[in-house]
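Subject: Structure handover

Hi,

Here is the structure for you to open. My notes follow below it.

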Amino acid sequence: MSSSVPRLVVAAPSSGSGKTTVATGLMAAFAARGLAVSPHKVGPDYIDPGYHALATGRVGRNLDAYLCGPELVGPLLLHGARGCDIAVVEGVMGLYDGAAGEGELASTAHVAKLLRAPVVLVVDASSQSRSVAALVHGFVSWDPEVRVGGVILNKVASDRHEVMLREALEQTGVPVLGVLRRAPQVDTPSRHLGLVPVAERRAEAVEAVAAMAAQVSDGCDLDGLMELARSAGVLSCEAWDAAAAVASSPPPPLPVPSSRGSAPSTPPGGSAPWTPDRPERPRPQTPDGLVVAVAGGEAFTFSYAEHTELLTAAGADVVPFDPLRDEELPEGTRGLVIGGGFPEVYAAELSANEPLRKAVADLAESGAPVAAECAGLLYLCRELDGLPMCGVLDAGARMTERLTLGYRDAVAVGDSVLAAAGTRMRGHEFHRTAVEPGAGTEPAWGLRTPQRRVEGFVRRGVHASYLHTHWAAEPGVARRFVERCRTS
């Protein structure tokens, strides 16, 4: 694949301007023209990539310069865009909003510069006319290295309103590449952590994406946007490859004993949502049939596509299952990965599936590797909002009014199935739940926050934490996990 794949970044002055509508609609509109579209999302968001995947028929992928490092942004885009005609990247928050206290790091502007990609600025014009020119001028001139190649005006009220906006923008020299009228039919429902995932409303989501595509096709200059995408600079990096990443990662040290170790020391610092198809389907088999089960379905929709690719490259036969419906783990399961999602929404159904809860508890008790992030942590607890869960961890979970959100610098407190003691990783927290206690006698991570706290649980082969991490940044995590599955 050429490293000069056409690409553009869809950004906005602030959240709520219509980035998701425009980006998703643009992806679907290009796909309807017969183009192979590679969908991407800046930052750690798991929900938007599900809509992107629905629009394009390809896995939605994240580009996060904080979690993965700036050096992986280009390679990960090229990996996802193999064989594609265009890559469309949806930004996060406002164009210049990055990780708190880190300047431009992980902002949409930062990612656009790393990708040498032009930016399309989506502006909510609902309450302004001539002032739109001052706003656009400010965003264009703030950082000369960010190339704003066009504007799409959203929520335009009338023909007269459109004329006023276009006349004002003529003074900026930035072309108007689209005008979208107010269209409530393309709205998607939200709840406590943002949009409702595609997996929970597939039929309605299909309709919403079709409406976005129609609106963008009718209101935007698709030819002009494609021409802008072709103006992206050539990237000098190579596409990321899971097999090469695993092969180049350090070999895992000796297996972690299944019995509990000594008390930890003080830490030195403090898509595309993947929802598996329900029917049986052919899957690659590893020589020794090493099965790693990965939770999916409506309750567990948060996962980075690269995780399963890395597990496969490390020698695992990755098999999906749905904790809402399957009463058994996949046959031959030797390791378990439970990612993020909304178990709090499905607590009653998860609790009612007692056979699976027992199977998970038995697997964990056997010392088999279990990796759980956020939703997975809640599922392993003794209870969630008073309803019995798997009981792997002696902790209770409940919904709260408080939103916990932000990037985290983390260090592994002790050895676990995911990391050796002292391993540093970056992660992200995003939840409205609380687990009590917040850490076990063997915590998973020490977090370098203002409070410098420990967090999560390590028990036998279990590693459970609120922290979402991106394994592409540390492919040795997948290699270590699979090796533990092989030797446990």
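Strands E6 (residues 148-156) and E7 pair in the parallel sense, over 4 bridges. Strands here are DSSP runs of at least two residues, helices (H or I) of at least four, numbered from the N terminus; two strands pair if DSSP finds at least two bridges between them. From E6 the chain crosses through helix H6 (residues 159-169) to E7, a right-handed β-α-β crossover. Right-handed means that, with the strands pointing away from the viewer, the path from the first strand over the helix to the second runs clockwise. Leu 153 has Val 179 in E7 as its bridge partner. Of the 6 residues of E7 (176-181), 5 are buried (under 20% relative accessible area; exposed is over 50%, partly exposed in between; 1.4 Å probe, protein chains only).

A word on the source. This is a predicted model: local features need pLDDT of at least 70, side-chain atom pairs count only at pLDDT 80 or more, and totals for chains, interfaces and linings use all residues. Residues are numbered from 1 along each chain as its sequence is written, and side-chain values use heavy atoms, leaving out hydrogens and water.

Now the loop between strands E19 (453-455) and E20 (457-459): Gly 456 lies there. Gly 456 counts as buried because its relative accessibility is 0%. Its C-alpha is 4.6 Å from that of Ala 444, 12 residues apart in sequence.

Finally, a charge over a ring. The charged end of Arg 426 sits over the ring of Tyr 66, 4.0 Å from its centre (the cut-offs: NZ of Lys or CZ of Arg within 6 Å of the ring centre and within 35 degrees of the ring normal).

Best wishes
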